[in-house]
Amino acid sequence: MTALDSTAPALAPQVLDRCRALVRPALTEAVGRLHPWVGEMAAYAFGWCEVGGAPAAASGGKGVRQALAVLGAEAAGAPGRAGVAAAVAVELVHTFSLLHDDVMDGDAARRRRPAVWKAYGTGPAVLAGDALFALAVETLAARPGGPAAVRTLSAALGDLVRGQADDLLFAARPWTGPEQVRPEEYRAMAERKTGALLGCAAALGSVLGGAAAQTSAALDRAGRHLGVAFQIVDDVLGVWGDPAVTGKPVHGDLRERKKTFPVLVALRTPAAPRLAALLESGADPRAAAALIEEAGGRSAALTEARRHLAAVEAALTAVPLEDRAAADLRSLLDFLVRRDL
């Protein structure tokens with residue numbers, strides 16, 4: 001598969017490692033304040049332990065949102081530690097959303113091991129998610145400027161919930177006809193479900209770092225556009241990605257009949273009747289993948305991702321940012337979208 005335009009800079013993994021190392025002690029301390037059983041489930045979700053509490057070396061994810069919070073503070077000219085509380089809060093909220101998403105979607109695995117609800121049960125997983133959300137609010141509320149920070153987080157959560165609701169409703173809508181899902185609806189859903197928390201992370205870090213409102217707003221816009229680009233690239237990988245790289249089966253999204261951006265674009269072309277019949281029948285997804293590509297769904301998705309990357313850059317250049325942090329931020333954003341293409 002070809003890249004969007006270039007390979008990811010080598011600096012990005014170093015940025016992620018540096019930010020995780022800065023945030024991890026505070027994140028561990030926060031989780032340690034939970035009820036022991038709930039704290040164990042949270043630690044399992046982060047990849048720190050196995051069921052029962054034995055230490056584990058499982059991947060807890062890249063730590064993207066916590067890195068954005070640290071870099072948001074640094075971009076405002078503050079030390080990275082100024083954004084740690086924001087990083088902890090956003091990471092807690094992100095993990096809360098994953099626990100609940102896995103329950104809602106029935107996804108039995110997360111990061112190549114049983115999801116929390118499969119490992120501990122549905123009720124306990126929901127409880128652990130609720131506890132993480134409450135802990136995130138507590139973490140921010142205790143900081144100077146806490147009320148404003150909590151309002152920022154709450155607004156992002158409201159968008160996330162709206163995006164998740166739309167995503168769930170999309171599944172019940174028809175492939176074609178007046179009620180079909182339009183690509184512009186999908187973009188709005190992706191901005192809310194994926195972009196809102198990315199934008200919130202960078203904005204919250206900058207708020208705690210003392211940034212002007214204009215700077216925080218620009219970082220929020222950048223994160224939201226990044227979320228749309230990230231989601232659309234993920235859609236491309238869900239159809240044409242290499243399983244050895246993505247960890248997902250080839251054509252996995254088509255087997256699950258997901259209404260992803262390349263599919264929705266192809267369904268707005270003359271290929272729609274044939275494609276809808278293939279998707280509805282559950283036939284060999286290779287034929288559907290070929291038809292989507294022939295109808296321009298893949299190329300349109302990559303073009304759309306590039307458009308949102310350009311919007312990210314426009315947001316970052318609209319306000320003054322500290323040079324080193326801005327460079328780290330750009331390398332991280334580029335890496336996230338171009339990660340596997």
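So, how many nonpolar, polar and charged residues does the lining of the second largest pocket have? By class it's 6 nonpolar, 5 polar and 3 charged, where Ala, Val, Leu, Ile, Met, Phe, Trp, Tyr, Cys and Pro count as nonpolar, Asp, Glu, Lys and Arg as charged, and the others, Gly among them, as polar.

Quick housekeeping: this is a predicted model, with local features needing pLDDT of at least 70, side-chain atom pairs counting only at pLDDT 80 or more, and totals for chains, interfaces and linings using all residues. Numbering runs from 1 along each chain as its sequence is written, and side-chain values use heavy atoms, leaving out hydrogens and water.

Back to that pocket (on a 1 Å grid over the protein atoms alone, an open set of points where a 1.4 Å probe fits, with protein on both sides within 12 Å along at least five of seven lines; lining residues have an atom within 4 Å of a point). Its volume, the space filled by probe spheres set on the points, is about 200 Å³. Of the 14 lining residues, R20, R24, F46, W48 and G60 lie nearest the centre. Helix α1, residues 11-31, gives the most to the lining, with 3 residues; helices here are DSSP runs of H or I, at least four residues, numbered from the N terminus.

Next, E74, which sits in helix α3, residues 64-75. E74 is buried at 15% relative accessible area, buried meaning under 20% with a 1.4 Å probe, protein chains only. Skipping residues up to four places away in sequence, E74 touches R18, P79, G80, E322 and A325, with contact meaning heavy atoms within 4.5 Å.

Last one: L68. Beyond four places in sequence, L68 contacts L198, A201, A202, L329, L332 and L333.

Methods. Helix = DSSP H or I, 4+ residues; strand = E, 2+ residues; numbered from the N terminus. Buried < 20%, exposed > 50% of the residue type's maximum accessible area, 1.4 Å probe, protein only.
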